[in-house]
Amino acid sequence: MLRMLDRVLMALFAFAAFTALVYMPLFLLGCGWEGLAQGPQGECSDSVIGRAWLGYVEVEPVYARAPLWLRLLNEFDTWFFGWFYLLSLAVFARGRQESPRYRALATFMSGMMAYAMFFYLTQATLSWPASGAKLGQVYTYNGLWLLLFTLLLARLYLFRPPPALETAHG
């Protein structure tokens, strides 16, 4: 069970790292928030990633004119969490997830992400009548980060190896 959960977490960390360190920077450097605000007539139409963001605007219209707090939430994932995703991949690949330092860092990062996602999803839900967001898709796309960090905490605190194995690896 632990190996399978670790593999799932590694796959989720790989996806999150790609999103934070490749996909988001290509958006920011390609067309960015200003290009996204221009809609299909703007420069976001010139790239695959820009068009993907334009597609997400159809799901969550607030991104067409994303307020500063929402921009920061997205960029914080890139500049702060991206490196944590890579670190986590390395930690899990080396079997060092039981390390007290990693557990402390992972707990801190999980709390920050849970707060940010709860804030964002609450805002999306409360503004839904005015925004016209497709909440099912918003929850599905963004719930992946909640799933990642919930599974991470469950793995670190609920699904731990027996003490004899824990000392052998950590």
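## Surface and charge

The chain exposes about 9400 Å². Carbon and sulfur atoms supply 70% of that area. These values come from a predicted model.

The chain carries 12 positive and 10 negative charges.

## Overall build

The chain holds 8 helices and 0 strands. Read along the sequence, the pattern is α-α-α-α-α-α-α-α. The C-alpha atoms fill a box of roughly 60 × 30 × 25 Å, taken along the principal axes.

The chain has 170 residues, and 41% of them count as buried. Take the contacts between residues at least 6 apart in sequence: 71% of these join residues at least 24 apart.

## Helices H1 and H7

Helix H1 covers residues 2–30, and helix H7 covers residues 135–157. The two pack at an angle of about 140°. Their axes lie 10 Å apart. The crossing of H1 and H7 is left-handed.

Which residues meet where H1 and H7 come together? From H1 come Leu2, Leu5, Asp6, Val8, Leu9, Leu12, Phe13, Phe15, Ala16 and Thr19. From H7 come Leu144, Trp145, Leu148, Leu151, Leu152 and Arg155.

## Before H1

Met1 sits in the segment before H1. Is Met1 buried or exposed? Met1 has a relative accessible area of 63%, so it counts as exposed; the cut-off for exposed is over 50%.

Met1 and Leu126 are 125 residues apart along the chain. Their C-alpha atoms are separated by 38 Å.

Helix H4 spans residues 68–93, and Asn74 is one of its residues. Asn74 counts as buried because its relative accessibility is 16%, and buried means under 20%. What does Asn74 touch, leaving out residues up to four places away in sequence? The partners are Met24, Trp33, Trp53 and Tyr63. Of the helices described here, H1 (residues 2–30) includes Met24.

Val91 also lies in H4. Val91 has 11% relative accessibility and therefore counts as buried. Not counting residues up to four places away in sequence, Val91 touches Arg96, Gln97 and Tyr102. Tyr102 is 11 residues from Val91 along the chain. The C-alpha atoms of this pair are separated by 7.9 Å. Ala90 has a relative accessible area of 37%, so it is partly exposed. The limits for that class are 20% and 50%. Ala90 and Phe13 are 77 residues apart along the chain, with 10.0 Å between their C-alpha atoms. Phe13 is also among the H1 residues that meet H7.

## A residue of H5

Helix H5 runs over residues 100–126, and Ala114 is found there. How exposed is Ala114, and what is its relative accessible area? The value is 33%, so Ala114 is partly exposed.

Ala114 and Phe149 are 35 residues apart in sequence. In space the pair is 7.3 Å apart, C-alpha to C-alpha. Phe149 falls within the range of H7, residues 135–157.

Technical notes: Residues are numbered from 1 along each chain as its sequence is written. This is a predicted model: local features need pLDDT of at least 70, side-chain atom pairs count only at pLDDT 80 or more; totals for chains, interfaces and linings use all residues. Side-chain values use heavy atoms; hydrogens and water are left out. Helices (H or I, at least four residues) and strands (E, at least two) are DSSP runs, numbered from the N terminus. Buried means under 20% relative accessible area, exposed over 50%, partly exposed in between (1.4 Å probe, protein chains only). Contact means heavy atoms within 4.5 Å. Accessible areas come from the Shrake-Rupley method with a 1.4 Å probe; for residues, only the protein chains shown count as cover. Lys and Arg count as positive and Asp and Glu as negative; His and the chain ends are not counted. The place of a charge is taken as NZ of Lys, CZ of Arg, CG of Asp or CD of Glu. Axes are lines fitted to C-alpha atoms, for helices over the stretch in contact, and angles run from 0 to 180 degrees between N-to-C directions. A crossing is left-handed if the near helix is turned anticlockwise from the far one by less than a right angle, and right-handed if clockwise.
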